[in-house]
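Q: I'd like to learn how to read a fold like this one, feature by feature. Where do we begin?

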Amino acid sequence: MLRSGKVSDTYFDKYQFEADPRLLRDIAQEMASLVPRHAQVLAGPEMGGIPIVTMLSQITGLPAAFIRKEPKEYGTCRYAEGASLVGRRFVLVEDVVSSGGAIVDALTKLRADNLSPDAALCVIDRETGGREALAAAGLPLRALFTYSQVAGV
């Protein structure tokens, strides 16, 4: 079952590529070409975006921010941790995009604070409506791979 509640007969075990340091580095090196030249910060929604954005930050030299689903009730009490997004051009970085729901959720919080990413990047676009949902929200999606490419469809 996907985050959206839809059932899929294809499961991408993203933790296999996120947990393998060489594979994660290789993915980040390839994803670096998707980062807009004007980007100043890379922001990754928890949990899947965190390993990707951290390694992509290492490869590009751009600072990273981490977007929580909910702010902690202690410490900084912020939903965006790490590099500041205020007044900076940034992109959201995710591992797998299905419906786009996690990015749309992050986008809602960000826009409520007058923060707006320039694009969303992902390792795999499942081609199940995420790109369209993000486009409807005014956010283009750039994917390293699509489901069709990975599955050989």
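A: Let's start with handedness. A crossover is right-handed if, with the strands pointing away from the viewer, the path from the first strand over the helix to the second runs clockwise. Keep in mind that this is a predicted model. Here, strand 1, helix 3 and strand 2 make a right-handed β-α-β unit.

Q: How many bridges join strand 1 to strand 2, and do they run parallel or antiparallel?
A: Strand 1 (residues 41-45) and strand 2 run parallel, joined by four bridges. To find one of them, go to Leu 42, whose bridge partner in strand 2 is Ala 64.

Q: Which other strand pairs with strand 2, and in what sense?
A: That's strand 3, and the pairing is antiparallel, over three bridges. Look at Phe 66 for an example: its bridge partner in strand 3 is Glu 81.

Q: Which elements make the other right-handed β-α-β unit?
A: Strand 5, helix 5 and strand 6 do. Strand 5 and strand 6 (residues 141-146) run parallel, with five bridges between them. Cys 122 has Ala 143 as its bridge partner in strand 6.

Q: On to the interior. How should I read a nonpolar core?
A: The general idea is that in soluble globular proteins, nonpolar side chains tend to be buried together. In this model the largest nonpolar core has 22 residues, and those touching the most other members are Met 31, Leu 42, Leu 56, Val 93 and Leu 121. Helix 2 (21-31), helix 3 (49-60), strand 4 (90-97) and strand 5 (119-125) each give two or more residues to this core. Apart from it there's another core, of 21 residues, including Ala 106, Leu 115, Ala 120 and Leu 134.

Q: What does Leu 42 touch, beyond residues up to four places away in sequence?
A: Quite a list: Val 35, Val 53, Leu 56, Ser 57, Thr 60, Leu 62, Pro 63, Ala 64, Ala 65, Val 91 and Val 93. Notice that Ala 64 is also the bridge partner of Leu 42 in strand 2.

Q: And a helix? What should I check on helix 4?
A: Try its span, then its buried side. The expected span takes 1.5 Å times one less than the number of residues. Helix 4 (residues 101-112) has 12 residues and reaches 17 Å from first C-alpha to last, close to the expected 16 Å. Its buried residues are Gly 101, Ile 103, Ala 106, Leu 107 and Leu 110. These pack against strand 2, strand 4, strand 5 and helix 5 (130-136).

Q: Are Asn 114 and Glu 127 exposed or partly exposed?
A: The exposed class begins over 50% relative accessible area. Asn 114 has 74%, so Asn 114 is exposed. Glu 127 comes in at 40% and therefore counts as partly exposed.

Q: Is Asp 125 buried or exposed?
A: Asp 125, in strand 5, has a relative accessible area of 2%, so Asp 125 is buried. A polar atom of the Asp 125 side chain lies 2.8 Å from the backbone nitrogen of Glu 127. Leaving aside neighbours within four places in sequence, Asp 125 is in contact with Val 97, Arg 131, Leu 141, Ala 143, Phe 145, Thr 146 and Tyr 147.

Q: Last one: where is Lys 69, and what is it in contact with?
A: Lys 69 is in the loop between strand 2 (64-67) and strand 3 (80-82). Its relative accessibility is 52%, so Lys 69 counts as exposed. Beyond its neighbours within four places in sequence, Lys 69 is in contact with Glu 46 and Lys 109.

Key
Residues are numbered from 1 along each chain as its sequence is written. This is a predicted model: local features need pLDDT of at least 70, side-chain atom pairs count only at pLDDT 80 or more; totals for chains, interfaces and linings use all residues. Side-chain values use heavy atoms; hydrogens and water are left out. Buried means under 20% relative accessible area, exposed over 50%, partly exposed in between (1.4 Å probe, protein chains only). Contact means heavy atoms within 4.5 Å. A nonpolar core is a set of buried Ala, Val, Leu, Ile, Met, Phe, Trp, Tyr and Cys residues joined through side-chain atoms within 4.5 Å. A polar contact is a pair of N or O atoms within 3.5 Å; within protein, one must be able to donate a hydrogen and the other to accept it, and residues adjacent in sequence count only if both atoms are side-chain atoms. Two strands pair if DSSP finds at least two bridges between them.
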